[in-house]
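Here's a friendly walk through one protein chain. Have a look at the sequence and the 3D view, then read on.

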Amino acid sequence: MVKKIAFIFPGQGAQVVGMGKDLYDNYGEAKKVFDIANNVLGKSITKLCFEGPEEDLKQTINTQPSIVTMSIAALEAFKSQLKITPSFTAGHSLGEYCAMYCSGVMDLETTIKAIQKRAELMSQVKGGTMAAVLNAPAGSIEKALEEASKIGYVDVANYNSPVQVVITGDEDAVSKAGELLLEAGAKRVVPLAVSGAFHSKFLEGASKEFAEFVSGLDLSSASVPVVTNVDGAATISSEDFRSKMPRQICSSVHWTRTIENMIQNGVDTFVEIGPGKVLAGLNKKISSEITTYNIYDKESLETTISALKEQFAGVV
């Protein structure tokens, strides 16, 4: 069986002060990405990524373009050192924009403009909260949400792995759902430090406004299928992306389904490109049969390239 590889990109929460500096200093391709982002955004994304401060970097308006710029810089550095074409790409929430860039749906300037507009709209949404639920017993999520919805709106934001989901909605309803899930046997319920209830109906207004913006973007059909968050389905058509990009803002992120789809289609190797190792951790929970490499600095890039050359001998 031919080995298949997928490139995946992290989402909000993966940011860390200093990210990308090592790549910027060592790879001209990475530096070029940062320089273009600075120019398009009209602010120093390099300073935000390399120096912070953390308080500024974790604000949605800054986090989203920072992570996307750093991830694409890491991708371009990787591509400059190894010629390998993935069978699929995917990204967690905002990471999907890196996947679309990688698959040729948008050029770099369009990607950065799109993620900046998305960040602006999402940062304006106030109210609501989110919480991560770990190791909830089968069926308990649905029961808890049904009960908690009697006092307010609550839904699932992220299906991250078989043992981790994130719930979102009105503060009282999310809190009540958390209590019910702990009573039902969930291992932990962890409130998240977010500015609002992302991936929920709280963002329907932002989604509609973003749809108007997206209607004017220059999008191409994907050269490599992007497995999208809203449905976990491989997507190629530019018009499908045009409709899915706004929906993604207020829809659940079906990450487990996304990874399982690629595994079912023969992918056994994933490369997480961008800050941190969040997706590699989720992948371990989704399947013990796959390998996930990481690229977030010069050392991890070199280690990953060495491993891939060995694993894909004769292919790359």
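How many residues does H5 have, and how far does H5 reach from its first C-alpha to its last? H5 has 22 residues and reaches 32 Å, close to the 32 Å expected at 1.5 Å a residue. (The expected span of a helix is 1.5 Å times one less than its number of residues.)

## Before you dig in

What you're looking at is a predicted model, where local features need pLDDT of at least 70, side-chain atom pairs count only at pLDDT 80 or more, and totals for chains, interfaces and linings use all residues. Residues are numbered from 1 along each chain as its sequence is written, and side-chain values use heavy atoms, with hydrogens and water left out.

## The big picture

The protein chain contains 14 helices and 10 strands. Those labels are DSSP runs numbered from the N terminus: helices are H or I with at least four residues, strands are E with at least two. The radius of gyration is 19 Å, close to the 20 Å the globule rule gives for 316 residues, so the chain is as compact as a globular protein of that length. (That radius is taken over C-alpha atoms, and the rule is 2.2 Å times the number of residues to the power 0.38.) Along its principal axes, the C-alpha trace spans about 55 × 45 × 40 Å.

Of the 316 residues, 55% are buried. Buried means under 20% relative accessible area, exposed means over 50%, and partly exposed is in between, using a 1.4 Å probe and protein chains only. Take the contacts with a separation of 6 or more: residues 24 or more positions apart account for 74% of them, where contact means heavy atoms within 4.5 Å.

## Surface and charge

The chain exposes about 13,300 Å², and carbon and sulfur atoms supply 47% of that. Accessible areas here come from the Shrake-Rupley method with a 1.4 Å probe; for residues, only the protein chains shown count as cover.

As for charge, there are 30 positive and 37 negative side chains, and the centres of the two sets lie 2 Å apart. Lys and Arg count as positive, Asp and Glu as negative, while His and the chain ends are not counted. Each charge is placed at NZ of Lys, CZ of Arg, CG of Asp or CD of Glu.

## Back to helix H5

Is H5 enclosed or open? In H5, 18 of the 22 residues are buried, so H5 is largely enclosed by the rest of the structure. Lys79 belongs to this helix, and with a relative accessible area of 34% Lys79 is partly exposed. Lys79 and Glu29 are 50 residues apart along the chain, yet their C-alpha atoms are separated by 9.0 Å.

Zoom in on Gln116, which sits in H7 (residues 108-123). Gln116 is buried, at 12% relative accessible area. Setting aside residues up to four places away in sequence, Gln116 touches Leu41, Lys43, Ile61 and Pro65. Ala193 is 77 residues from Gln116 along the chain, and their C-alpha atoms are separated by 21 Å.

Which peptide bond is cis, with omega near 0°? That's the one from Gly52 to Pro53, and Pro53 is found in the loop between helix H3 (45-51) and helix H4 (54-57).

Two residues other than glycine have a positive phi. Asn135 has phi near 55°, in the loop between strand E3 (129-134) and helix H8 (140-148). His199 has phi of about 50°, in the loop between strand E6 (188-191) and H10. Asn135 counts as partly exposed at 37% relative accessibility, whereas His199 counts as buried at 5%.

Val154 is found in strand E4 (residues 154-161) and is buried, with 9% relative accessibility. Among the residues Val154 touches are Leu145, Ile167, Ala173 and Ala177. From Val154 to Glu302 it's 148 residues in sequence and 44 Å in space, C-alpha to C-alpha.

Thr304 lies in helix H14 (residues 298-311) and counts as buried at 3% relative accessibility. Leaving aside neighbours within four places in sequence, Thr304 is in contact with Val271, Tyr293, Asn294 and Ile295.
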